[in-house]
Amino acid sequence: MLHVPGQISAVVGGGVSSVVISQVYGGGGNATATLKNDFVEIHNRGAVPVSVQDWSVQYASSTGAFSQLTRLTGTLAAGQYMLIQEAAGTGGSVDLPTPHIDGTIPMSATAGKVALVRGTAGVAPVAL
C-alpha cells in the first residue's frame, strides 16, 4: 500500500497553493487490500475557498513519466477535504465513502508518484 499521510506542499502552476495532497492510497482492490479502490485526498489548509476547477491529479510509476490524470472540479472551502476515488481492483471488502470526484487511475501498492496540478497539461519530468 502506498500511503502518504500528512501535509505535502503542492507546487501548482508555478505557485504554492494552500491546497495540498493529504493522503494517497494505492493498491486498493488488491487481494490483500481492505479498500476496494485507490484514492487521493486533497485538503485546503488555507483560510479562504480555493477553486480547483480544471486542476488535475496526475500519476506516474516511480520511474515513469506522468501519463494519467483525473480532472478536478469545484471549490474547496477553507479546511475542506476532497476525496478523489481512483481505479477499483477485484479484491478488497470496504467501499470508500462517497467520493467528490471519480477517476480511473490504477495506482501501484508499493511505489509511484502523484502530483496536484493547476491545469491538465502533463507534468514534465524533473531531474533531482
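I take two strands as paired if DSSP finds at least two bridges between them. Strands (E, at least two residues) and helices (H or I, at least four) are DSSP runs, numbered from the N terminus.

**Basis.** I am working with a predicted model, in which local features need pLDDT of at least 70 and side-chain atom pairs count only at pLDDT 80 or more, while totals for chains, interfaces and linings use all residues. Residues are numbered from 1 along each chain as its sequence is written, and side-chain values use heavy atoms, with hydrogens and water left out.

**Entry 1: the chain.** I looked up the secondary structure and found eleven strands and zero helices. I then noted that 41% of the 128 residues are buried (under 20% relative accessible area; exposed is over 50%, partly exposed in between; 1.4 Å probe, protein chains only). For contacts (heavy atoms within 4.5 Å) with a separation of 6 or more, I find that 63% join residues 24 or more positions apart.

**Entry 2: the open sheet.** I traced an open sheet of three strands in the order β7-β6-β11, with antiparallel pairing. Strands β7 (68-71) and β11 (113-117) stand at the edges with a single partner strand each, so one side of each has no neighbour in the sheet. Neighbouring strands here are turned by 20° against each other on average, direction ignored (axes are lines fitted to C-alpha atoms, for helices over the stretch in contact; angles run from 0 to 180 degrees between N-to-C directions). I count five bridges between β6 (residues 56-60) and β11, which run antiparallel. S56 stands opposite V117 in β11.

**Entry 3: strand β4.** I checked burial in β4 (residues 37-44): eight of its eight residues are buried, so the strand is largely enclosed by the rest of the structure. In a regular strand, side chains alternate between the two faces of the sheet. In β4 both faces are covered, with N37, F39, E41 and H43 buried on one side and D38, V40, I42 and N44 buried on the other. I find β4 paired with β3 in the antiparallel sense over six bridges, V20 having H43 as its bridge partner. I also find β4 paired with β9 (residues 81-88) in the antiparallel sense over six bridges, and F39 stands opposite Q85 there.

**Entry 4: S22.** I located S22 in strand β3 (residues 19-25). S22 counts as buried because its relative accessibility is 7%. Its side chain makes a polar contact with the side chain of E41, at 2.7 Å (a pair of N or O atoms within 3.5 Å; within protein, one must be able to donate a hydrogen and the other to accept it, and residues adjacent in sequence count only if both atoms are side-chain atoms). E41 is itself among the buried residues of β4.
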